[in-house]
Amino acid sequence: MRNHINYRIFSDLSLEKNTLDKMPPRKTTTTKKQELNPMMAEFQQCCKVLGFQEEDFINQITPFLNKSETQFRLVNMTISQTSSKVIFRFIQRYQKIQQVSFYACQFTDPNFFKQFTLEFNKCPANNVSFDYVPVQREALIPHLTSPSIEILSLRGNQCITSYDFVTHELHPFPSSLNSFINALCTSQIKVLNLFGCHIGDEGAIAVAESLFFNTNLQCLSLSKNRIGDAGALALAAALSEYHLDEQETAIVEKFINDESKQKISDEGGGLVKRKKGQKAPPKKPQTRNAGRKGAQSRQQVEIQKNFDPHAPVKAIVLTKWNTCVTLDTNPPQKVLPGNSTLTSLLLEENNITEKGAMALKEMLGMNPHIVQFSIDNNPEISQEMISHLRRVVPPSIE
């Protein structure tokens with residue numbers, strides 16, 4: 001029995017040896033180095049080229065770089081002058097980038113925002129977020145005028161109003177805010193997110209007036225902004241039609257009469273008969289403003305409008321009086337046509353009451369372009385009214 005057992009063991013070992021002899025030689029394997037996320041690899045290369053070695057900054061940003069290949073996101077970070085250079089180089093060189101987002105960041109580089117606008121024009125992204133960032137409105141104006149930005153988020157930045165949320169006082173309408181609204185009038189941005197900016201009625205009225213001039217903005221979020229009925233009425237008028245009061249009607253009629261007199265005078269001057277053989281007076285040479293620079297100069301002069309909500313005459317009346325339409329009512333009513341470009345408006349979590357809701361309801365009945373609309377969580381409006389006014393974009397079917 002023992003010999004049999006030994007044989008069995010030997011036979012098994014011999015079989016194992018023969019099997020191993022027939023097997024191909026085992027290849028030696030080496031541990032592959034883990035491939036870096038393309039975004040992380042490009043960022044490391046930028047740091048290397050610029051000699052950037054701030055470990056705290058690199059350690060903070062690394063988790064966000066590894067989460068996405070298209071969104072460059074910085075959260076609760078301090079942006080210094082040296083780190084700014086890395087950021088600018090990165091957004092230029094990384095060609096897959098689609099969005100650049102700063103959330104609750106501090107900027108110690110005083111020239112960051114101005115330089116960022118210039119550098120962003122060189123990158124493929126069109127989506128920028130400066131959410132909950134302490135920034136002056138003057139620094140935001142270049143972003144409104146940038147030809148490269150189509151989507152801009154400014155959530156939580158309480159600078160688009162003349163109301164002081166520290167002292168709870170309403171200051172006179174500042175020139176910097178007027179410049180901001182002027183920039184919004186001709187901005188090429190298609191989506192603007194002002195969630196939680198606390199702009200109040202003052203800011204809502206100013207933004208509403210800008211909609212009479214803006215022909216590019218499609219989606220606007222004004223949720224959680226302390227907007228009341230005054231702001232709601234202004235937005236409703238801007239998206240349907242603005243009814244002129246007696247003073248404004250008189251101003252428009254004066255403009256129309258003055259223009260008619262000027263036209264008659266010009267035509268009359270051209271009808272003066274020349275004596276026989278008399279040469280026609282030489283034509284005045286055209287001013288050299290037809291170029292791009294001249295057109296931009298005229299545009300800059302044209303948009304210097306006053307958007308102060310307390311101004312005696314609104315900017316739309318003084319500037320767009322020649323688009324005035326007279327309704328067939330008794331008595332006849334003069335109105336200015338409103339914006340027909342905006343398709344999405346969010347007014348959630350504000351202070352709008354039934355009065356403002358009724359104006360918005362009338363606007364929605366006149367404006368077929370608004371396909372997404374919400375005034376949810378306005379506590380003074382009935383749920384029935386909220387549900388009736390809600391517009392939801394249906395999901396796309398591919």
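Reader: Over the ring of which residue does the charged end of Lys305 sit?

Author: This is a predicted model, and in it the charged end of Lys305 lies 4.3 Å from the centre of a ring. A charge counts as sitting over a ring if it is within 6 Å of the ring centre and within 35 degrees of the ring normal. The ring that Lys305 sits over belongs to Phe213.

Reader: Which word describes how helix 7 runs relative to helix 8, roughly parallel or roughly antiparallel?

Author: Two packed helices are described by the angle between their axes and the distance between the axes. For helix 7 (residues 175-185) and helix 8 (residues 200-211), the axes come within 8 Å and cross at roughly 30 degrees. Because angles under 35 degrees count as roughly parallel, helix 7 is, relative to helix 8, roughly parallel.

Reader: How many charged residues are there in the contact of helix 7 with helix 8?

Author: From helix 7 the contact takes Ile181, Leu184 and Cys185, while helix 8 supplies Ala206, Val207 and Ser210. Sorted by class, the residues of this contact of helix 7 with helix 8 are 5 nonpolar and 1 polar, and the number of charged residues is none.

Reader: At what angle do helix 2 and helix 3 pack, and is helix 2 roughly parallel or roughly antiparallel to helix 3?

Author: The axes of helix 2 (residues 38-50) and helix 3 (residues 55-65) are 10 Å apart, and the two helices pack at an angle of about 155 degrees. Angles over 145 degrees count as roughly antiparallel, which means that at about 155 degrees helix 2 is, relative to helix 3, roughly antiparallel.

Reader: Which residues of helix 3 meet helix 2?

Author: Helix 2 passes helix 3 in a right-handed crossing. On the side of helix 2, the residues in the contact are Met39, Met40, Phe43 and Cys47. By class, the contact of helix 2 with helix 3 holds 8 nonpolar residues, 1 polar and no charged. The residues of helix 3 that meet helix 2 are Phe57, Ile58, Ile61, Thr62 and Leu65.

Reader: Which residues of helix 6 meet helix 5?

Author: The axes of helix 5 (residues 112-120) and helix 6 (residues 137-145) come within 9 Å and cross at roughly 5 degrees, and the two helices are therefore roughly parallel to each other. Helix 5 brings Phe113, Phe116 and Thr117 to the contact, and these meet, in helix 6, Ala139, Pro142 and His143.

Reader: How many aromatic pairs does the count come to?

Author: Rings pair if their centres lie within 6.5 Å. Such ring pairs link a cluster whose members include Phe113 and Phe116, two residues of helix 5 that also take part in its contact with helix 6. The count of aromatic pairs comes to 21.

Key:
Residues numbered from 1 in each chain as written. Predicted model: local features only at pLDDT ≥ 70, side-chain atom pairs only at ≥ 80, totals over all residues. Heavy atoms only, no water. Phe/Tyr/Trp six-rings, centres within 6.5 Å; stacked < 30°, edge-to-face > 60°. Axes fitted to C-alpha atoms, helices over the stretch in contact; angles between N-to-C directions. Helix = DSSP H or I, 4+ residues; strand = E, 2+ residues; numbered from the N terminus. Parallel < 35°, antiparallel > 145°, perpendicular 65-115°, else oblique. Contact = heavy atoms within 4.5 Å. Nonpolar A, V, L, I, M, F, W, Y, C, P; charged D, E, K, R; others polar. Left-handed = near helix turned anticlockwise from the far one by under 90°.
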